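Keep the 3D view open and find each residue as you read.

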Amino acid sequence: MPLPIGDVIGILSDNLRLRGSVLPIPPKKATRWARGLGLPRGGATVLYTGQMYQLIPYIELAVRAMERVESTPLAALAPLGRRVNRLLNLTPLALRPLARTRAPYDRVLGDIAHLLRQAGVGFGYLYDDDLYSGALAYDLGLDEVVARHAHRVVEAFRRNGVSKIITVDPHTTTMLRTVYPTLVDGFDLRVRSYLEVLAERLPPADAPLGQRLALHDSCVLARAEGVVEQPRALLAQAGVTVCEPAATGRLTWCCGGPVEALYPARARATAARRVEQLRAVAPAGVTMCPLCLVNLRKAAADELPLRDISQVLREAHTIPTTPTLTTATKKAD
Amino acid sequence: MTTTLDPDLADQIGLPGTFAATACTNCGVCTAVCPAGLDLLPRRLMHLVLLGAADRLRAETETIYSCLLCGLCEEQCPAGVRITDTMRALRHYCNRTTFGL
Ligand code: SF4
Ligand code: SF4
């Protein structure tokens, strides 16, 4: 039988309501990327991950498990799974990605911290107060649960003295900047994507790359948040020739990722068509969202190498930075 | 399927102010550009809502949840229909009425 999507959505909803994330991963795993970086806790300006990059290896395992169960009699156990999960957090028991699977996603966050330091931006991190934003649950129409969760997230910012937020991924950016002001009265936090911050401040690359890359815009960042020029300017500055696919900028094509959890076959078909568009213009590609990266990579297999934009920029900005830089540098506007 | 029409369906679904389906002119642009190639097109879903065809609408769960919320249709909709808000509102409605969430 097909997976009962009501139970799948129910589990995600229960998790967010009871444990603060659709897939509640151990805080040690969510904050591991910041180890050794010497980021101060909290402060007026913070780098807010919303746990999106950290969640990807767990989402991937969950999707694979659902694909295995789909169309088998085991799918009938989903309602029981939901009842058990209410009492006992099944995520860390059932989903245990290997350290080497998690490492590339942690590295993205480390690269972003490095680039912000190179740009002279001072920022802290919230560690176990760096809560999930509720992005996936919002898309699923779980409005009441998300509204309550948004208040918890904003309370964590206030508790840590935050007034300016630098976001990492498009989904968290749009949640904080566009959705939260409709959910939380008096929301007055300034929210910017790290790409917007870097586009204003990053110094010229010391090791320009001389590569041609097909740029895959994120639907959310380009259309909902209007961030189109900044990644192009940053890539050009890094010595990349940006190759525009047939659908690009505000008219970009989706990677299929948003429906991967419920309809993996549909997600794969959409991703395959997008990979064709990217392959038509360059031998390799660049993305700026963890969902795009993982979904397009699966569709591209070995035919189109794909990197996150942070990795590309990091390769072109090689000068080492030290933790002490954060205390001496400017605050992000 | 016997269809019972519910004249209050749009109100039950609305998120008032965001459910802007009445502005739709049925031009078909959203259908033409949709990368997901939805089986039942966004404008037809909205049509079911405006008709009040609650049971027909609730039978379309897969279409409602397989929209990518990518916004490509919305970007090009000449009537400025907030299609992604509408799709989210339909999910909110199905969560409550079909799945008891
Ligand atoms: S593009 Fe807009 S006006 Fe045209 S059919 Fe779609 S929703 Fe209606
Ligand atoms: S938002 Fe949904 S209906 Fe509109 S183009 Fe994207 S997938 Fe299709």
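## The surroundings of ligand 2

Let's begin with ligand 2, which is surrounded by B:Cys34, B:Pro35, B:Ala36, B:Leu38, B:Pro42, B:Cys67, B:Leu68, B:Leu69, B:Cys70, B:Gly71, B:Cys73 and B:Thr84. A residue is near a molecule if one of its heavy atoms lies within 4 Å of it. Sorted by class, this shell holds ten nonpolar, two polar and no charged residues. Here Ala, Val, Leu, Ile, Met, Phe, Trp, Tyr, Cys and Pro count as nonpolar, Asp, Glu, Lys and Arg as charged, and the others, Gly among them, as polar.

## How to read the model

This is a predicted model, in which local features need pLDDT of at least 70 and side-chain atom pairs count only at pLDDT 80 or more, while totals for chains, interfaces and linings use all residues. Residues are numbered from 1 along each chain as its sequence is written, chains are lettered from A and ligands numbered from 1 in the order in which they are written, and side-chain values use heavy atoms, with hydrogens and water left out.

## Where the chains meet

Now turn to the interface. In chain B, 23 residues are in contact (heavy atoms within 4.5 Å) with 27 residues of chain A. The two chains bury about 2,200 Å² between them, 57% of it on carbon and sulfur atoms; buried area is the accessible area (1.4 Å probe) that two parts lose on being put together, summed over both. On the chain B side, B:Leu68, B:Arg88 and B:Leu101 lose the most area to chain A, together 26% of what that side buries.

Three salt bridges cross the interface of chain B and chain A, each a side-chain nitrogen of Lys or Arg within 4 Å of a carboxyl oxygen of Asp or Glu. A:Arg250 forms a salt bridge with B:Glu75, and their closest N and O atoms are 2.8 Å apart. By class, the side of chain B that touches chain A has twelve nonpolar, six polar and five charged residues.

What is the phi of A:Tyr127? It is near 50°, a positive value in a residue other than glycine. A:Tyr127 is partly exposed, with a relative accessible area of 22%; buried means under 20%, exposed over 50%, and partly exposed in between (1.4 Å probe, protein chains only).

A:Ala301 is not a glycine either, yet has a positive phi of about 45°. At 55% relative accessibility, A:Ala301 counts as exposed.
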